[in-house]
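Please look over the sequence and the model shown here before reading on. The briefing that follows is grouped by topic and is meant for a reader who is new to them.

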Amino acid sequence: MEKEQWQKKGEGHRQRLRDRFLDRGLEGFTDAEILELLLSFGTPRSDCKEPARAALKQFGSLAAVLEEPLVGLQKIKGIGPKNGFAVHFIQAVARRYLNQRLRGKRYLHSSSEVRDYLLHSLRGLKKEVLTVIYLDSSHAILHSETVAEGTINVNTVYPRELVKKALEQNASAMIIAHNHPSGSLEPSAQDLQLTRTLSLLGSLMQIQLLDHIIIGDGSFSFADHGLMTDISKQCRETMEDLQQ
């Protein structure tokens with residue numbers, strides 16, 4: 001009887017949360033309430049309020065919870081395989097939605113959406129991941145994909161393979177992005193070397209590298225900070241030297 005009373009009370013609480021969302025979206029929702037609803041998709045008859053609060057306390061933020069591997073989530077009392085599946089499924093759906101929303105849009109008019117997609121897909125990861133966005137001659141977005149995981153530098157990524165992938169997409173330009181698990185937005189010497197090498201190799205194949213974006217505690221754009229202009233100038237000078 002006591003269990004039945006709790007289930008009625010809990011279901012009433014979740015229904016009020018659902019009604020609030022249908023009425024006003026996520027306006028006024030706390031991260032704990034959002035996570036509680038997500039967890040309830042996996043176990044609709046269980047109390048998900050305390051597990052949601054415990055997960056936020058353990059991992060620090062909603063974004064961190066969404067990025068936490070299933071093994072880590074299941075260390076929280078009250079979160080089992082079904083709850084963890086629900087969280088990861090929602091995260092994967094959001095990533096695909098943001099990815100598909102970009103296709104066909106002009107990068108210059110959609111740079112903020114590109115940042116949203118990259119922040120969502122790369123921030124909080126515990127290992128480095130390199131993503132490439134391919135663009136056509138009018139800088140409309142053709143496709144994006146993850147091309148490398150682990151240490152990201154010129155010795156592990158192989159710029160010629162990235163250029164080959166761009167040619168397979170019939171791309172005229174590309175943007176690369178990778179994350180710093182430490183949260184730092186400072187480009188490393190390896191980041192600069194990779195950008196120079198890829199920019200030079202791309203220019204030989206008439207594929208322009210428009211930007212290199214670093215995702216950490218925010219985002220850092222090589223183009224916005226003038227680094228792409230300097231690198232492009234260095235590439236032109238190198239090309240001229242090779243032609244002489």
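A residue is called buried when its relative accessible area is under 20%, exposed when it is over 50%, and partly exposed in between, using a 1.4 Å probe and protein chains only. By that rule T43, at 17% relative accessibility, counts as buried. This is a predicted model, in which local features need pLDDT of at least 70 and side-chain atom pairs count only at pLDDT 80 or more, while totals for chains, interfaces and linings use all residues. Residues are numbered from 1 along each chain as its sequence is written, and side-chain values use heavy atoms, with hydrogens and water left out.

**The chain as a whole**

- The secondary structure comes to 11 helices and 5 strands, where helices (H or I, at least four residues) and strands (E, at least two) are DSSP runs numbered from the N terminus.
- Taken along the principal axes, the C-alpha atoms of the chain fill a box of roughly 90 × 30 × 30 Å, and 42% of the 244 residues are buried.
- Among the contacts with a separation of 6 or more, 61% are accounted for by residues 24 or more positions apart, contact meaning heavy atoms within 4.5 Å.

**The sheet and the helix packed on it**

- The 5 strands form an open sheet in the order β2-β1-β3-β4-β5, with mixed pairing; two strands pair if DSSP finds at least two bridges between them.
- Because β2 (141–149) and β5 (218–221) stand at the edges with a single partner strand each, one side of each is left without a neighbour in the sheet.
- Neighbouring strands of this sheet are turned by 20 degrees against each other on average, direction ignored, with axes being lines fitted to C-alpha atoms, for helices over the stretch in contact, and angles running from 0 to 180 degrees between N-to-C directions.
- Strand β3 (residues 173–179) pairs with strand β4 (residues 208–216) in the parallel sense over 7 bridges, and I176 stands opposite H212 in β4.
- Helix α9 (residues 159–168) packs on the sheet, where α9 touches β1 (129–135), β2 and β3, and the direction of α9 makes about 35 degrees with that of β1.

**The nonpolar core**

- A nonpolar core is a set of buried Ala, Val, Leu, Ile, Met, Phe, Trp, Tyr and Cys residues joined through side-chain atoms within 4.5 Å.
- The largest such core has 22 residues, and those with the most contacts inside it are L130, V157, M174, I176 and L198.
- At least two residues of this core come from each of β1, α9, β3, α10 (189–204), β4 and α11 (227–243).
- Not counting residues up to four places away in sequence, L198 touches P159, L162, V163, M174, I176 and L209.

- The axes of helix α2 (residues 31–42) and helix α6 (residues 81–102) come within 7 Å and cross at roughly 120 degrees.
- At this contact L35, L38, L39, F41 and G42 in α2 meet K82, N83, A86, V87 and I90 in α6.
- T43 lies in the loop between α2 and α3 (49–59) and, leaving aside neighbours within four places in sequence, T43 is in contact with C48, K82 and N83.

- S144 lies in strand β2 and, at 6% relative accessibility, S144 counts as buried.
- Not counting residues up to four places away in sequence, S144 touches N99, Y117, V132 and I133.
- The C-alpha atoms of S144 and S121, which are 23 residues apart along the chain, are separated by 12 Å.
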